[in-house]
Amino acid sequence: MPRKLLLPYKSVFSHFRAPRGLHESLAMNAARSGYRVFSANSTAACTELAKRITERLGAELGKSVVYQETNGETRVEIKESVRGQDIFIIQTIPRDVNTAVMELLIMAYALKTSCARNIIGVIPYFPYSKQSKMRKRGSIVCKLLASMLAKAGLTHIITMDLHQKEIQGFFSFPVDNLRASPFLLQYIQEEIPDYRNAVIVAKSPDAAKRAQSYAERLRLGLAVIHGEAQCTEQDMDDGRHSPPMVKNATVHPGLELPLMMAKEKPPITVVGDVGGRIAIIVDDIIDDVESFVAAAEILKERGAYKIFVMATHGLLSADAPRLIEESSIDEVVVTNTVPHEVQKLQCPKIKTVDISLILSEAIRRIHNGESMAYLFRNITVDD
C-alpha cells in the first residue's frame, strides 16, 4: 500500500479504481458457492447499483422475481436454492419508500423460510432515518423498522452514512455504517479546479462537525451559516412537550416551575470568510433543497464566486432539480446510494460518485469472516 494512504487526511478508498489485488480477491471469492446476491427491486434504476456490485464481485445476481400485483400487493419469488448460504439483499430506496420497505421485508422472510444461513441487508440509504426521535405524540419509526427487519429474518445490515449514528442502537444484530466521505473528498481533490482556494461550509450549526471533518482533511477553512433562515430538527417539538400547555390548567398550590424562554434566532450570519473563494456545502442528505438554495444565495452575497453542494444521499424530492437549475448552485455532487437518473436528466448540475467498490468489499469481507476495520481506517465518528 502506498505510504500516502496512511496520512490522516487520506482514506484507503482515495481512488475509485480498486487495487489489482482487490479485483483478484473478489473474483476468487465469487467462485465460491457459499453466498448469493439478490436485488429486492426489479426496476432498472434500482438494480443499477446491484449490477455494479456483482460485477466487482465477479458474481451474478440471484434469480428472483419481485413485482406488484394488480391489487397493489408485493410478491417475491426466489427462483434458486439458497439453503445454508449467506444471502446479501441489495435494496436501494426509490421515491416509493413504503413499497421498497415491503419488498425488502418480504424477500428477507422468503429467504428465511428457504433456510438461508445468514441474511444480510445491503441498504445504502436507510429509510425513515429522519424519524429517529420522538415528536410529540408521534413515534420513533426508525426503531419500528429496525424491529420489523429483525423479525423478517435479517441477521446483519450494511448501510452508509446513517442520518443519526445512534440509530445503530435500534437493532438487535450487527450494523456496519460505512462512510462515503473518502469518495467525496477524492472528488473535491480531482474534479474541482483550484480547490485549495475553497472553504467548507456547514449550512447550519448542526452540520458543523461534518464540515469540520472535511475541512481538516483537506486543510481548508471552515464557515458556518447561522441565523433565522435555518430550521433544524432540534427546533421541532419532541415528546417532552406532551401534553401541551393549557391556559387554564390546574397547578398544584405552591408549585411554580421556571418558564422556558422561547427561542429567537439572530439575523442570518456567515461565520467565516467566503469572499473570493469556492464554497463547498457538505451534508449527509439532500432532499428538499430550499435550505441549500437559500444558503447558496447568502454565500453569493458574501462574495463566494462558485458554490458546490456535496452529500451522500441525493433524494432530490419534489421540484429539487428545477430549483437547483435556477439557483446560484454550480454543482450538486451525490453518491449512487439512491437512484436519481431522472433528476440528472432534468438538471445537468447533478453529478454522481460511485460507491459500489466499498459495498462489494464489505460483502466479501463479511462472507469470508474478515475484519471490517480496513474499511474504517482513518475514519472518525464525525465523518
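**The sheet and its helices**

Tutor: This is a predicted model. Seven strands form an open sheet with mixed pairing, in the order β10-β9-β8-β11-β12-β13-β14.

Student: Which are the edge strands?

Tutor: β10 (269–271) and β14 (350–353), each of which pairs on one side only. From one strand to the next, the twist averages 25°.

Student: What holds strands of a sheet together, in general?

Tutor: Backbone hydrogen bonds pair them, either parallel or antiparallel.

Student: OK, and how many bridges join β12 to β13?

Tutor: Three, between β12 (residues 306–314) and β13 (residues 331–335), and the two strands run parallel.

Student: Which residue is the bridge partner of F308 in β13?

Tutor: E331.

Student: Now helices. Which strands does α7 touch?

Tutor: Helix α7 (residues 290–301) packs on the sheet and touches β8, β9, β10, β11 and β12. The direction of α7 makes about 170° with that of β11.

Student: And where does α6 lie?

Tutor: Helix α6 (residues 208–218) lies across β8 (198–202), β9 (221–226) and β11 (278–286). Relative to β8, α6 runs at about 165°.

Student: Stepping back, how many helices and strands does the protein chain have?

Tutor: There are 10 helices and 14 strands.

Student: How many of the residues count as buried?

Tutor: 49% of the 383 residues.

Student: What about the accessible surface?

Tutor: The protein chain has about 19,100 Å² of accessible surface, and carbon and sulfur atoms account for 53% of that.

Student: Last one: what about contacts between residues 24 or more positions apart?

Tutor: Counting contacts with a separation of 6 or more, 71% are between residues 24 or more positions apart.

Notes:
Residues numbered from 1 in each chain as written. Predicted model: local features only at pLDDT ≥ 70, side-chain atom pairs only at ≥ 80, totals over all residues. Heavy atoms only, no water. Helix = DSSP H or I, 4+ residues; strand = E, 2+ residues; numbered from the N terminus. Buried < 20%, exposed > 50% of the residue type's maximum accessible area, 1.4 Å probe, protein only. Contact = heavy atoms within 4.5 Å. Areas by Shrake-Rupley, 256 points an atom, 1.4 Å probe, with all protein chains shown as cover. Pairing = 2+ DSSP bridges. Axes fitted to C-alpha atoms, helices over the stretch in contact; angles between N-to-C directions.
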